[in-house]
Amino acid sequence: MPVQTRSERFTSTAHADFPEVTGREVNWKYTPVAKLGDLIDGELDGSPYEIAYADAAGATVEWLDRTHALVGAAGIPEDRAAANAWTNFEKALHIRLEGDAETLTVVRSTLGGSARAAHTIVSAAKGATGLVVLDSQGDAKLTENVEIVLEDDANVTVVSVQQWDDSALHLASQYARIGHGASLRHIVVSLGGDVVRVNPSAHLAEEGAEAELYGVYFADAGQHLEQQVYVNHDAPHTRSRVTYKGALNGEGAHTVWIGDVLIGRDATGTDTYEQNRNLVLSDGTRADSIPNLEIETGDIEGAGHASATGRFDDEQLFYLQARGIPEDEARRLVVLGFLSEVVQKIGEPVLEARLHEALEDELAAAR
Amino acid sequence: MSTLEIRDLKVSIETDQGTKHILKGVDLTINEGEIHAVMGPNGSGKSTLAYTIAGHPRYNVEGGSITFDGQDVLEMSVDERARAGLFLAMQYPVEIPGVTVTNFLRTAKTAIDGEEPSIRHWGATVKDAMGKLRMDPSFAARNVNEGFSGGEKKRHEILQLELLKPKFAVLDETDSGLDVDALKIVSEGVNRAHEETGLGVLLITHYTRILRYIKPDFVHVFVDGKVAEEGGPELAERLEDEGYDRYLVAQA
Ligand SMILES: Nc1ncnc2c1ncn2[C@@H]1O[C@H](COP(=O)(O)OP(=O)(O)OP(=O)(O)O)[C@@H](O)[C@H]1O
Ligand SMILES: [Mg+2]
């Protein structure tokens, strides 16, 4: 079978256009599809839902009609669950950033356990700066699309926090279109939920566009946390960095990271590096880590990838204990140290502190 | 007076080829304030002795004892030994990604003392100690040993020695990989700790050069997992001239 160029993967906004999911497809084969039937094929409630946020200067929040021009501006679904969400959402939640916007955190915590669709758009005006936190808590059975549209020279951070209750099921496709000289920092934090799959893609569509894609996750016993990352270098002198770090602890903890980077024919002078690192804390876990680099032009600045999944290092533990630090605390230091490299990229102290605490709780529960 | 006492210590490790007996009956007594040098050929078991004192889980104690002020060291966990006042400056210090030197030092100091060091003074104490060891202040924000050169790692070990103030320190080839100036700076750090706190030292080395700066009271020749000969500083000079042939021949 010929290898298909990543950019030629089938896309559509219509659920019916995708064949039934068998679980053998390249983008479903690591996912527990048996648990996800309702999201892939079921009826979905696509009505607006309750959100909470504090006003932030330079940021506006509104619900848009499906027919609005921004809908579809960043990308459209590559899989049937995302298309199901697209077919069924009624209104899109739109966050608009202008000028130097203040940090905006939008919390959704009351979605509940019946199957839902959602659509979110974050758009930034030319030259705008800002930080948007999409903060998900509580119970959920959700399939959704998130679009991020950066106009020229915008410089924006988007943090997607999945801190769901234990039983939550969540499938998200996130698409970013990054304009001329614009720069996106995107951070996926997945801690809570039964199955959480967040697939971010970044389209470096115009000259000088930049994307830094980070992720941090901590999978407990029986938990499935997945992220399929796709960076499409589609214009000259674009730059990307992808760093995902995860920890796994407990029987049946499963994480998946797929990192596809495509350097297109026009993407001369591309500079890209992607890496995934997993820290295995117990027996019975599984970490799938698959980097793919596809290069269609010879004229690039640099391209590299790395993937490593390793056991907790007993020598590190010994070193810390030999300085008087008790085993529990030494373990905590090493794991938090490993994961906090990503948390530190957020640049929002309150959220960083909360996530540190959440990671500490994960660790405490791990014992 | 504090005493570290090692009696007829026998240690093995498990390897792919089966059990390997490394220490074959080590006797050594170090009193507070004494400096003991241990010299011996590669593979004779010096690091094994150092790691066994610190409690590394890879080493199995088959027999003998280690006592520290009458306490059974072998019954203690690694961190308990450190809190009791034992310190190991490692031959190959370990890198710890994501943990800054500042955070590490404060955490270790808190663990050893049983209370947080005074916020007001601790920062200055660390800065001062780093200055004396000619460590650039930027090391404080770097991750523990990550990307440190060989010599920088050794200085960082001695920095910890000075800040944590143990009663006994085992220095495993702290002099290896140091340039001439660094050797002097690091030796001064050890001598400061020795003078200020009455530190007892077990100094493992291949070279007499460091013994010009750190004056040993006793020299032990370590061969094939045992102490083969003991003497004063003059023994080190003789080893430098003659090597270990004499002991190896005697052994064969
Ligand atoms: N993990 C291991 N597997 C196999 N052999 C080992 C292992 N660890 C130690 N040994 C062996 O035990 C012996 C003693 O090693 P040790 O490191 O204590 O020597 P040393 O005296 O410190 O040597 P050096 O002067 O080279 O530092 C050596 O023969 C070494 O190869
Ligand atoms: Mg050694």
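**Labels and their cut-offs**

Analyst: Over all chains, the structure holds 43 salt bridges. This is a predicted model, in which local features need pLDDT of at least 70 and side-chain atom pairs count only at pLDDT 80 or more, while totals for chains, interfaces and linings use all residues. Residues are numbered from 1 along each chain as its sequence is written, chains are lettered from A and ligands numbered from 1 in the order in which they are written, and side-chain values use heavy atoms, with hydrogens and water left out.

User: Why is the pair Arg58(B) and Glu315(A) called a salt bridge?

Analyst: A salt bridge is a side-chain nitrogen of Lys or Arg within 4 Å of a carboxyl oxygen of Asp or Glu. The closest N and O atoms of Arg58(B) and Glu315(A) are 3.4 Å apart, so the pair meets the definition. Arg58(B) lies in the loop between α1 and β4 of chain B and Glu315(A) in helix α3 of chain A, so the pair joins two chains.

User: What makes Arg58(B) partly exposed?

Analyst: Buried means under 20% relative accessible area, exposed over 50%, and partly exposed in between (1.4 Å probe, protein chains only). Arg58(B) has 42% relative accessibility, so Arg58(B) counts as partly exposed. Glu315(A), with a relative accessible area of 25%, is partly exposed.

User: Why does Lys153(B) count as buried?

Analyst: The relative accessibility of Lys153(B) is 16%, so the label is buried. Lys153(B) forms a salt bridge with Glu95(B) (3.5 Å, N to O).

User: What makes β1(B) and β2(B) a pair of strands?

Analyst: Two strands pair if DSSP finds at least two bridges between them. There are 11 bridges joining β1(B) to β2(B), which run antiparallel, so they pair. Strands here are DSSP runs (E, at least two residues), helices are runs of H or I (at least four), and both are numbered from the N terminus.
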